[in-house]
Amino acid sequence: MIEIDHITKTYGKVNAVDAVSMTVETGSITVIVGTSGSGKTTLLRMINRLEEPTSGEVRINGTSTLSVKPHLLRRRIGYAIQGHGLFPHHTVARNIGAVPELLKWPRGKIDARVDELLALFSMDPTEFRDRFPAELSGGQQQRVGVARALASRPDLLLMDEPFGALDPIIRTQAQEDLRQIQRKLGSTIMLVTHDMEEAISLGDQVAVMDGGKLVQYAPPAEIIARPATDFVANMVGDAERPLRLLSLISVSEIIEPGEADGEALPETASLRDALSACLWTGRDALPATRGGAVVGRVTLKAIRARAGAHV
Ligand code: ADP
Ligand code: MG
């Protein structure tokens, strides 16, 4: 568990981060979202002490980060930034193995970890281990950057706009990869973005920053349905709200008994997909399947009932 306790950073007379408190559960993704200059990067950098807080403290599993030497702290906290920050003259393997090497892991264990991570990121170790960053695509560089940050199995992974430089298609793929890998490894991740769409699709919890203050800290569905301030509502985008809400709910939640014609939807599909399928086929209901077998139907009426602000 990560406890951020009334943390403040003052530059001159300005509070870049203003008494922010939040608790992050182990094994979850927390996304910090806000406009440029809202204090996201400063907040993140106070967690691994790249910036020293003016006041307040951060505790990781009960221990104050102020009681640990910064360079030792940073070996336990992965940090991935936009533009990946890879060492250009080191191979992929040396880049990924950098922190385990500092921690003096035996060679064999480092090599095995490098190969395990490359495979996890769908990069064939024999093909990529000995390449240099310049011999990779932007998306591959970004994956190596994240693999490096995860290499020593850190207590926490901090990511500052990690997907900012990627084009939209690769970006969506990168988000899905991160989700999958996070689930597989059970990592605790705090990720910064200015993109509410990214926050909603990636976060177990979303922290919205405005002018250095934490204005709302809640699960995505709550942020959409009940934005705490006009600023949050603006960021969510009023017109998109019902669709965003539907994209977070799966068909399995509203299957009802009965039959329907048309192409079936798997119960894992989102209600946004179900709505789209109903509109596209001009039907009021479609069959729903579990493990390939039809188990009932999903109706336009039931979808509509879930699209309002009453989760
Ligand atoms: P974000 O990451 O949300 O864009 P930052 O945390 O980088 O925001 O910055 C928050 C505020 O603090 C901004 O107004 C920025 O100009 C200011 N700031 C950040 N770093 C420094 C610094 N080293 N010295 C003075 N002001 C800073
Ligand atoms: Mg920033």
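Q: How far is a polar side-chain atom of K40 from an oxygen atom of ligand 1?
A: The separation is 2.8 Å, within the limit for a polar contact (a pair of N or O atoms within 3.5 Å). The model is predicted, so local features need pLDDT of at least 70 and side-chain atom pairs 80 or more, while totals for chains, interfaces and linings use all residues; side-chain values use heavy atoms, without hydrogens and water. Residues are numbered from 1 along each chain as written, with chains lettered from A and ligands numbered from 1 in written order.

Q: And which distances apply to the backbone of G37 and of S38?
A: For G37, a backbone N or O atom is 2.7 Å from a ligand 1 oxygen. For S38, a polar backbone atom lies 3.2 Å from an oxygen atom of ligand 1.

Q: How much of ligand 1 does the protein cover?
A: The protein covers 55% of the 560 Å² of accessible area that ligand 1 has on its own (Shrake-Rupley method, 1.4 Å probe).

Q: Which residues are around ligand 1?
A: They are Y11, A16, T35, S36, G37, S38, G39, K40, T41 and T42, where the criterion is a heavy atom within 4 Å. By class, this shell has 2 nonpolar, 7 polar and 1 charged residues; Gly counts as polar, and Asp, Glu, Lys and Arg as charged.

Q: Which helix gives the most to that shell?
A: Helix α1, residues 40-47, gives the most, with 3 residues.

Q: Changing topic: how many helices and strands does the protein have?
A: There are 14 helices and 13 strands, taken as DSSP runs (H or I of at least four residues for helices, E of at least two for strands).

Q: What about its overall dimensions?
A: The C-alpha trace spans about 60 × 55 × 35 Å along its principal axes.

Q: Which residues line the largest cavity?
A: The lining consists of F121, Q142, R143, V146, F163, A174, D177, L178 and I181. Helices α7 (138-150) and α8 (168-185) are the elements that each give two or more residues to this lining. A cavity is a set of points on a 1 Å grid over the protein atoms alone where a 1.4 Å probe fits but cannot get out, and lining residues have an atom within 4 Å of a point.

Q: Which element gives the most there?
A: α8 does, with 4 residues. By class, the lining has 6 nonpolar, 1 polar and 2 charged residues.

Conventions
On a 1 Å grid over the protein atoms alone, a cavity is a set of points where a 1.4 Å probe fits but cannot get out, and a pocket is an open set with protein on both sides within 12 Å along at least five of seven lines; lining residues have an atom within 4 Å of a point. A polar contact is a pair of N or O atoms within 3.5 Å; within protein, one must be able to donate a hydrogen and the other to accept it, and residues adjacent in sequence count only if both atoms are side-chain atoms.
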